[in-house]
Amino acid sequence: MKLKLKYIPLLLLPLSLSLKAQEVKAELNKEVRTQEKISYILDYPQNAKGNVPLIVFLHGSGERGNDLEKVKMHSPFTYKNLIKEPVAILAPQCPENKWWDTLTVYNLIKEIQAKYKIDASRIYLTGLSMGGWGTLKLAMEHPEMFAAVVSVCAPTDRVMYANIHQYKNLNMKIFHGGMDDVVLPENALNFYQALHPVNPTAELTIFPNDNHNSWDSTYSDPQLYDWMLSKRKDK
């Protein structure tokens, strides 16, 4: 019996070699629905006449969670008095232990546009640290939406470099602290070097004495808002 068992695989070998794989060519065409949920604060000017500009702000990792008051920290909310015209400021909150889901943020902006009087040619995007990464990612995915983009102490990734041409028509400013030991300034320097050939108008500012907190130096400058609000997206 043992001898016969040893030779069974050899007897089956010619049969197995004669079998052919089946090649299937097909297409998956299925609608997949997901539920999106995100909390936000919208500061909308009272008694605004006509459509108003919209500044979208994405916070950093320290403001994640379910306390909406946190999203106003380290943000344009702190410096609203520097903005010379009525604007709406939208600040969503990223869930705890998550990174920005830019598709959800995009859909939120579209929802705000549908519900409020927003000037579609004057939507501005900015964010710091993790929110700076979200800013660059969302701008890459939907450059047609934003009149100006401002990233602050932002991490970068390979996908952004691979799609660097997506930024070619955007009005962009990049800010970083020269002493940043959380997100190294090389993130901004290397990204700017890749960006400049396709978008020569993009600007990089390094604050030499700032560590990771380069957002105060950025958002406390009234010229930033003047520049931002002067930009319009061609329809």
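The following legends describe close-up views of a predicted model.

In this predicted model, local features need pLDDT of at least 70 and side-chain atom pairs count only at pLDDT 80 or more, whereas totals for chains, interfaces and linings use all residues. Residues are numbered from 1 along each chain as its sequence is written, and side-chain values use heavy atoms, with hydrogens and water left out.

**View 1. Strand β6 and the burial of its residues.** Strand β6 spans residues 172-177; helices (H or I, at least four residues) and strands (E, at least two) are DSSP runs, numbered from the N terminus. Six of the six residues of β6 are buried, where buried means under 20% relative accessible area, exposed over 50%, and partly exposed in between, with a 1.4 Å probe and protein chains only. Met 172, Ile 174 and His 176 point one way from the strand, while Lys 173, Phe 175 and Gly 177 point the other way. In a regular strand the side chains alternate between the two faces of the sheet.

View 2. Strand β5 (residues 148-152) runs parallel to β6 and is joined to it by four bridges, two strands being paired if DSSP finds at least two bridges between them. Within this pair, Ser 151 stands opposite Ile 174. Five bridges join β6 to strand β7 (residues 203-207), and these two strands also run parallel; here Ile 174 stands opposite Leu 204. From β6 the chain crosses through helix α5 (residues 186-195) to β7 in a right-handed β-α-β crossover, meaning that, with the strands pointing away from the viewer, the path from the first strand over the helix to the second runs clockwise.

**View 3. The largest nonpolar core.** A nonpolar core is a set of buried Ala, Val, Leu, Ile, Met, Phe, Trp, Tyr and Cys residues joined through side-chain atoms within 4.5 Å. The largest such core has 36 residues, of which Ile 109, Phe 146, Tyr 167, Met 172 and Phe 191 touch the most other members. Among the elements that give two or more residues to this core are β6, α5 and α3 (130-141), and α3 supplies the largest share, six residues. Leaving aside neighbours within four places in sequence, Phe 146 is in contact (heavy atoms within 4.5 Å) with residues including Ile 109, Ile 123, Leu 138 and Lys 233. A second, separate core of 27 residues includes Phe 77, Ile 83, Ala 147 and Met 228.

View 4. The structure holds eight salt bridges, each defined as a side-chain nitrogen of Lys or Arg within 4 Å of a carboxyl oxygen of Asp or Glu. In one of them, the closest N and O atoms of Arg 122 and Glu 85 are 2.9 Å apart; Arg 122 lies in strand β4 and Glu 85 in the loop between β2 and β3, 37 residues apart. Arg 122 counts as buried at 7% relative accessibility, whereas Glu 85 is partly exposed at 30%. Asp 119 and Arg 232 form another salt bridge (3.5 Å, N to O), linking strand β4 to the segment after α7 (222-229) across 113 residues, and Asp 119 is buried at 12% relative accessibility.

View 5. Lys 115 and Glu 111 form a salt bridge whose closest N and O atoms are 3.4 Å apart. Both residues lie in helix α2, four residues apart, which is about one turn of the helix. Lys 115 counts as exposed at 53% relative accessibility, while Glu 111 is partly exposed, with a relative accessible area of 38%.
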